[in-house]
Amino acid sequence: MEYLEFTSDGDPKVSGIRNGTSQAWFDDDFWITNKELNDFMWNNDRHDLRYISGVLPEFNMDLKGVFLAKSAKLTDLIQVGSLLTGMVISPKFRSLLEKFHLPKHKYFEVSFDVVNSKKEKIKEVNDYWWLYFERETGECTVDFANSTFDTSFHTEYLHLDEADLKVNSYEDYMKVFYERGTALRASKVIFNTQFDCQLDLWGTRFLSVKDYVSDKLVKSIEENNITGYRAIPAERAREIARRFKKVYSELIFF
């Protein structure tokens, strides 16, 4: 199955946001009111990887009153700053996704407060959902010894030796994160047969910051006129990466 990189579309014509930032965001009061959620998302314990891994929380997330810019368009996929994982989607998009093979997941209700430049509430928008799903750790599914990783940040900015960044196993990979606080980005990931290659949507914890969708799902998204997304084929992603000298993830399945 072919996969494409999947993200929200930052084009102002699509999102309604001129400066390319998020359509919605959490303000300081939101974090104060939702301390349990704040602790879950931004835990200081480096070994607490629940949020990044997409482990489903045992408490009910309260995502009411999220700020939405006045100029933001109500697309089917809305970009919300501070949410590092998952997707905020419309009921239409949710209904479509439920027909496909997803990782273990849960939906949390989202309501927006539309605000002006002075952060004054103008109106309320309901019926959106945060799709929060478990992310691939690679512990059982990635051939780390034959995958490759970009070490430039660690060597240039953390002044580490290349020899200290050799990764032959999941344990080696996580050791770099635990000791240095920054994970290595993958430049090529080789999955073994334990990876569920029938998934239509998935993402990884550290290996890549991208979410991926199947070509089958993208076709259905296009046919159903879902708005607010951008799907980039692998070859196009590699071209962009080379042009801007960024690391890309090349996915190879065994």
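**Contacts and their criteria**

Guide: Arg 94 lies over the face of Tyr 107, 3.9 Å from the ring centre. The charged end of Arg 94 also sits over the ring of Trp 129, at 4.4 Å from its centre. This is a predicted model, in which local features need pLDDT of at least 70 and side-chain atom pairs count only at pLDDT 80 or more, while totals for chains, interfaces and linings use all residues. Residues are numbered from 1 along each chain as its sequence is written, and side-chain values use heavy atoms, with hydrogens and water left out.

Visitor: What makes Arg 94 count as lying over the face of Tyr 107?

Guide: A charge sits over a ring if NZ of Lys or CZ of Arg is within 6 Å of the ring centre and within 35 degrees of the ring normal. The distance for Arg 94 and Tyr 107 is 3.9 Å.

Visitor: Why is the pair of Phe 26 and Phe 30 called stacked?

Guide: Rings of Phe, Tyr and Trp (its six-membered ring) pair if their centres lie within 6.5 Å; planes under 30 degrees apart count as stacked, over 60 as edge-to-face and the rest as tilted. By this rule the count comes to 23 aromatic pairs. For Phe 26 and Phe 30 the centres are 4.2 Å apart and the planes at 10°, so the pair is stacked.

Visitor: Why is the pair of Phe 26 and Trp 31 called edge-to-face?

Guide: Their ring centres are 5.0 Å apart and their planes at 85°, so the pair is edge-to-face.

Visitor: How do you know whether Phe 26 is buried or exposed?

Guide: Buried means under 20% relative accessible area, exposed over 50%, and partly exposed in between (1.4 Å probe, protein chains only). Phe 26 has 8%, so Phe 26 is buried. Phe 30, at 5%, is buried, and Trp 31, at 16%, counts as buried.

Visitor: What makes Asp 9 and Arg 230 a salt bridge?

Guide: A salt bridge is a side-chain nitrogen of Lys or Arg within 4 Å of a carboxyl oxygen of Asp or Glu. Asp 9 and Arg 230 meet at 2.8 Å, N to O. Asp 9 counts as buried at 13%, and Arg 230 is partly exposed at 38%.
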